[in-house]
Amino acid sequence: MRAFHVRRLRLAAGLVLLTYVVLHFLNHSLGLISLAAMEAGRWWFLALWRSWPGTVALYGAIIVHGILALWLLYQRRSLRMPMWEALQYTFGLLIPALLVVHVTGTRIAWWLVGADDPYTRIVLGLWVLSPQFGGRQLLAITVVWLHACIGLHYWLRFRRWYPRAQPWLFTVALLLPVLALLGFVSAGREVAALARTPGWVPSLLASTHAPEKAEAARLLVIREGFLTAYLGALIVVMLARGVRRLYQRRRSLRVAYTAGPIVTAPIGFTILEVSRLGRVPHASVCGGRGRCSTCRVRIVRGLDALPPPTEAERRVLARVGAAPDVRLACQTHPSHDVTVTPLVPPSIDPGSALGPDARQGRERELAVLFADLRGFTRMAEDKLPYDVVFFLNRYFAAVGTAITGAGGVTNQFTGDGVMALFGIDDGPAVGSRQALAAAQAMVEGMTRLNAELAGELKAPLRIGIGIHAGPGVVGWMGWGESFYLTAVGDTVHVAARLEQATKDFSAELVLSDNVARLAGVDLSAFPAHRLEVRNRTEPVAVRIIARVAELRPLLAPATSA
Ligand code: FES
């Protein structure tokens with residue numbers, strides 16, 4: 001099985017385990033209400049995870065996630081890795097050793113000796129009878145949570161929506177364990193008070209069939225057996241790595257970097273692993289998972305002798321429009337000497353993962369929106385410059401929020417106009433729906449702004465919007481610190497022309513039929529027009545929308561896609 005599929009399977013298993021942990025934390029946090037609420041929540045929790053499907057999913061995920069982690073550890077040629085990855089490995093390897101006490105004391109005890117494990121008994125053990133186990137349990141859940149959060153972050157960070165969702169996800173990631181901990185503390189206090197009642201503890205232990213001495217000894221044997229087996233598996237993996245290393249040392253190759261140095265490495269290493277071995281700075285934003293393309297290298301010598309790229313590598317290279325002599329360093333295992341040039345600076349960050357190639361521009365199908373404030377110049381004439389700046393900033397905040405909220409990229413705030421791009425990564429159909437949603441949100445934002453500034457304005461601010469979709473060349477443009485993502489081409493000219501046409505038609509929005517078709521919106525009820533555009537032989541078929549609010553019934557189903 002290829003590393004790509006191993007990682008996929010491991011991720012799927014990890015998501016099952018994450019679901020389990022999140023529900024477990026939510027159950028703990030019910031302790032903030034009462035111990036009884038915690039027990040009631042536990043009933044539902046067990047109904048899911050102690051059912052047959054739940055058991056298979058949970059223990060299947062534990063086995064798959066664990067075995068594949070050991071397999072990936074064996075597969076890794078070098079243990080040099082970025083700090084975040086080293087932390088995730090370390091936390092992951094600690095988890096089984098930290099959790100074994102808890103698992104044998106709850107689920108295994110329930111299976112083997114019929115001991116019930118309600119919160120009351122478990123909290124009694126962790127809070128009152130053996131607080132040292134409580135401390136270890138706290139450490140265990142912290143490690144589990146950090147391991148899960150790091151994995152989730154490095155999995156999701158290339159998604160377009162992630163930067164917007166990140167503050168919310170971070171809040172959840174912080175709140176959930178804190179609430180769970182507070183729930184546990186609150187339950188601990190309640191149980192400690194109950195434990196002071198004479199006879200309460202023995203009666204609880206008897207009614208829940210807490211393991212007797214002999215049963216506890218049996219559970220201890222299981223726990224130690226597991227720990228020995230786990231330690232043994234780790235030693236076997238490390239020994240296997242050592243044996244492979246000895247074997248490979250006799251068969252080595254040289255990777256020459258055009259800017260120096262030349263690194264000798266055993267056959268079997270990827271080019272990225274060779275870089276790490278030789279301490280050659282090499283970008284690898286996704287940590288060698290074949291997702292980001294930042295490790296790509298030009299093969300200056302030895303291209304023909306390389307094994308061909310896998311389908312997954314080919315897809316990533318195609319996405320960045322790589323030349324035929326470019327390969328992903330993290331996916332390429334040379335078997336002969338090669339000379340390479342890394343193409344992305346080692347300090348690249350995820351937001352710039354497209355790399356310097358993006359500065360050359362790439363052709364994309366996308367939707368382009370232009371918007372302009374109507375009559376603002378006239379209105380600004382009798383205002384102080386400070387007032388004008390204030391109004392413009394409020395206006396830009398309103399339209400900028402609408403654009404990014406719909407999934408677009410703002411650029412070129414010029415004068416009182418704005419240009420925005422939609423669907424750069426997701427294509428023109430999604431982009432057209434997003435642009436229409438943005439237009440709707442922009443007009444709503446202007447309505448709110450007019451209400452706020454009613455006392456300051458002689459007449460309400462009005463906006464004109466033009467949207468067109470089609471091919472354009474997208475790339476980073478600018479100089480020095482002032483780089484921004486923009487698009488050029490006929491689609492951009494047409495969108496700008498449609499925005500100007502809103503004045504002629506006294507309309508809030510003029511969009512091309514192409515946008516309506518791509519967005520899947522039927523605008524046949526709105527006036528149609530064929531608009532002449534300079535340097536175009538064919539006029540552009542457009543729809544005139546006097547008031548964007550009239551689109552709302554049509555957009556609701558389309559924009560929710
Ligand atoms: S490091 Fe991300 S694709 Fe190679």
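Visitor: In which helix is Leu179 found?

Guide: Leu179 is found in helix α7, which covers residues 162-195; helices here are DSSP runs of H or I with at least four residues, strands are runs of E with at least two, and both are numbered from the N terminus. This is a predicted model, in which local features need pLDDT of at least 70, side-chain atom pairs count only at pLDDT 80 or more, and totals for chains, interfaces and linings use all residues. Residues are numbered from 1 along each chain as its sequence is written, and side-chain values use heavy atoms, with hydrogens and water left out.

Visitor: How should I read accessibility, and what is the relative accessible area of Leu179?

Guide: The general idea is a set of classes: buried means under 20% relative accessible area, exposed means over 50%, and partly exposed lies in between, with a 1.4 Å probe and protein chains only. Leu179 has a relative accessible area of 33%, and therefore counts as partly exposed.

Visitor: What share of the contacts join residues at least 24 apart?

Guide: A contact means heavy atoms within 4.5 Å. Among contacts between residues at least 6 apart in sequence, the share that join residues at least 24 apart is 72%.

Visitor: How do I compare a helix with its expected span, taking α16 as the case?

Guide: The expected span is 1.5 Å times one less than the number of residues in the helix. Helix α16, residues 490-504, has 15 residues and reaches 21 Å from its first C-alpha to its last, close to the 21 Å expected. Its buried residues include Val492, Ala495, Leu498 and Thr502, and α16 is followed by Ser506, whose phi is positive, near 45°.

Visitor: What does Thr491 touch, residues up to four places away in sequence not being counted?

Guide: Thr491 lies in α16 and is buried, with a relative accessible area of 3%. Leaving out those sequence neighbours, Thr491 touches Leu366, Val368, His468, Ala469, Gly470 and Pro471. For another case, take Ser512 in strand β11, residues 509-512; Ser512 is buried at 1%, and its contacts, counted with the same exclusion of residues up to four places away, include His468, Ala469 and Leu498.

Visitor: How many salt bridges does a search of the whole structure find?

Guide: A salt bridge is a side-chain nitrogen of Lys or Arg within 4 Å of a carboxyl oxygen of Asp or Glu, and the search finds 12 of them. Arg50 forms one with Asp117, the closest N and O atoms being 2.6 Å apart. Arg50 lies in the loop between α2 (35-49) and α3 (52-75), and Asp117 in the loop between α4 (83-113) and α5 (119-129), so the pair ties together parts that are 67 residues apart in sequence. Arg50 counts as buried at 18% relative accessibility, and Asp117 is buried at 7%.

Visitor: Where do the partners Glu444 and Arg552 lie?

Guide: Their side chains meet in a salt bridge of 3.1 Å, N to O. Glu444 lies in helix α15 (residues 428-452) and Arg552 in helix α18 (residues 552-559), so this pair ties together parts that are 108 residues apart in sequence. Glu444 counts as partly exposed at 29% relative accessibility, and Arg552 is partly exposed at 43%. Elsewhere, salt bridges that share partners join Arg42, Arg50, Asp116 and Asp117 into one network.
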